[in-house]
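My plan is to go from the whole chain to single residues.

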Amino acid sequence: MGLGGCIILIAAGAILTFATDWDMEGVNLDLVGIILMIVGLIGVSTFSSIARRRRVVVPPTTPVIDEERHHSRRDGYSDGYGF
């Protein structure tokens, strides 16, 4: 179950708990809504912990060498025509 499924469970549980006034014999819809919200929250926390583990940054295996390139100045003195 992905993140979208967990959010749908939370929304359905909230609707059953807070927005309905149906009475079914043998079924407490408020309790069913609370259970759905709890399962959705457990799913969101599990999904976020798994997603956090997948985002591990691995350093590059080859070292990066910063080469400095020496540029000669062309101001008339250092190119052989001056001193």
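What percentage of the 83 residues in the protein chain do buried residues make up? I found that they make up 13%, where buried means under 20% relative accessible area, exposed means over 50% and partly exposed lies in between, with a 1.4 Å probe and protein chains only.

I noted before going further that this is a predicted model, in which local features need pLDDT of at least 70 and side-chain atom pairs count only at pLDDT 80 or more, while totals for chains, interfaces and linings use all residues. Residues are numbered from 1 along each chain as its sequence is written, and side-chain values use heavy atoms, with hydrogens and water left out.

**The whole chain**

I looked up the elements and found 2 helices and 0 strands in the protein chain; these are DSSP runs numbered from the N terminus, with H or I over at least four residues for helices and E over at least two for strands.

**Helix 1**

I checked the length of helix 1, residues 3-19, and its 17 residues should span 24 Å at 1.5 Å a residue, which agrees with the 23 Å between its end C-alpha atoms; the expected span is 1.5 Å times one less than the number of residues. Cys6, Gly13, Leu16 and Thr17 are buried in this helix. Seen down the helix axis, the buried residues fall within an arc of 95°, so they line one face of helix 1, the arc being that of the directions from the axis to the C-beta atoms. On the other side I found Ile8, Ile15, Phe18 and Ala19 exposed.

I then turned to Thr17, which is buried with a relative accessible area of 14%. Leaving aside neighbours within four places in sequence, Thr17 is in contact (heavy atoms within 4.5 Å) with Asp30, Gly33, Ile34 and Met37. A polar atom of the Thr17 side chain lies 3.5 Å from the backbone oxygen of Asp30.

Thr20 sits in the loop between helix 1 and helix 2, and a polar atom of its side chain lies 2.8 Å from the backbone oxygen of Leu16.

**Ser49**

My last entry is Ser49 in helix 2, residues 29-54, which is partly exposed at a relative accessible area of 24%. The backbone oxygen of Thr46 lies 2.9 Å from a polar atom of the Ser49 side chain.

Notes:
Polar contact = N/O pair within 3.5 Å; in protein donor to acceptor, adjacent residues only side chain to side chain.
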